[in-house]
Amino acid sequence: MKIENVALIGMGAVGTVYGNILNNHFGNNFAVISDASRKERLLKQGFTLNGKTFHTNVLSNGDLDVKFDLIIFCVKNYQLEEAIEDVRSFVDDNTILITFLNGVTARTRIHAAYPNNKVLYGLSMKIDAQRVENGVINTEDGEIHFGEADNTVLSPEVKAVQECFNDSGIKSIVFPDMIRMIWKKFMLNVGVNQVTAVTRAPYGKVTKIGTNLTLFREAMMEVLSIAKASNIDLREEDVEDFVTLMNNFSPSGRTSMLQDVEARRKTEVDYFAGTVVELGKKLNIPTPVNYVLYCIIKSLEELY
């Protein structure tokens, strides 16, 4: 099994970085999928990364009778249902689908729409891409963590995607337990993204201000409690590792949710605190910190 053509939907910060890499490698065998209303504008304007504009194929649902070997989802969670339909004409039973979305629900939602396809878990780590007025800027491309739930033995599809990423120059790691990795990043997002969104704190102030650190740690602890009750392998040391990890981020860097709030865009709070609160109710686990963060961020959105 070899991946000969790739499509990506969602050319935000993360999508633009990896779209540029894939476009450089695959050329005409790479395409961006977009809804029809944005296609012509994207074709004309192209995509700008670090001040350089690149152009690539842009396709909308039903444009061509072409099926892709691999389709990557990089949209926001609240755009996923629309994106699932936007890619439909480019999918056959052999298409591998992979999500780079934050949170813990995206893979399940994609698989429900495409039950006959191999749908892989995925997440981007250590990437510092930011959307700015004239495109996207970044200094670190980061790495993709991906695979099936259990990768003790790699499936042919995982091997094919691994080869695709390696050949393209995308750093990637396949972890034996991807459920743990997805939940670890979810725990980090729930903590750092939401706390920075409500406090306007850059990375350098997340742990250096005592009250920020308290919110950061307590929001993650609520995720830890839910994970333990759900037999998901998260640990107390994971929380402390993330506290230490904050020292490795650019002090002036900003989370994606803080960028969204500053740009007066819709956030993914429903898929962070919203998910935590919903699961907490089902499991009878208190989630007061995430409930308050949810209410504040929802209020900020209403005040736009």
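**Notes on the predicted model**

1. At 48% relative accessibility, Arg264 counts as partly exposed, since that value falls between the 20% and 50% limits. Please keep in mind, here and in every point below, that this is a predicted model. Arg264 lies in the loop that connects helix 9 (256-262) with helix 10 (273-283), and its phi is near 60 degrees, a positive value in a residue other than glycine.

2. A positive phi also occurs at Asn284, where the angle is about 60 degrees although the residue is not a glycine. Asn284 is placed in the loop between helix 10 and helix 11 (288-302), and because its relative accessibility is 71%, Asn284 counts as exposed.

3. The sheet deserves a careful look: it is an open sheet of eight strands, with mixed pairing, and the strand order is 5-2-1-6-7-8-11-12. Its edges are strand 5 (57-59) and strand 12 (172-174), each of which pairs on one side only, and from one strand to the next the twist averages 25 degrees. Helix 4 packs on this sheet, where it touches strand 6, strand 7 and strand 8, and the direction of helix 4 makes about 155 degrees with that of strand 8.

4. Which residues of helix 4 are buried? Within helix 4 (residues 106-113) they are Ala106, Arg109 and Ile110; seen down the helix axis, these buried residues fall within an arc of 95 degrees, so they line one face of the helix. Thr108 and Ala112, by contrast, are exposed on the other side of helix 4. The partners against which the buried residues pack are strand 6 (70-73), helix 3 (80-86), strand 7 (96-99) and strand 8 (118-125).

5. Strand 1 (residues 6-9) sends Val6 and Leu8 one way and Ala7 and Ile9 the other way, and all of these residues are buried. In a regular strand, side chains alternate between the two faces of the sheet.

6. On the pairing of strand 1, four bridges join it to strand 2 (residues 30-33), and the two strands run parallel; within strand 2, Val32 is the bridge partner of Leu8.

7. How many disulfides does a search of the whole structure find? The search finds zero. Cys164 is in no disulfide, and the nearest cysteine sulfur, that of Cys74, is 13 Å away, whereas a disulfide is called only when the two sulfur atoms lie within 2.5 Å. A disulfide is a covalent bond between the sulfur atoms of two cysteines.

8. As for the setting of the cysteines, are Cys164 and Cys295 buried or partly exposed? Cys164 has 4% relative accessibility and therefore counts as buried, while Cys295, at 32% relative accessibility, counts as partly exposed.

Note on methods:
Residues numbered from 1 in each chain as written. Predicted model: local features only at pLDDT ≥ 70, side-chain atom pairs only at ≥ 80, totals over all residues. Heavy atoms only, no water. Buried < 20%, exposed > 50% of the residue type's maximum accessible area, 1.4 Å probe, protein only. Arc of directions from axis to C-beta. Contact = heavy atoms within 4.5 Å. Pairing = 2+ DSSP bridges. Axes fitted to C-alpha atoms, helices over the stretch in contact; angles between N-to-C directions.
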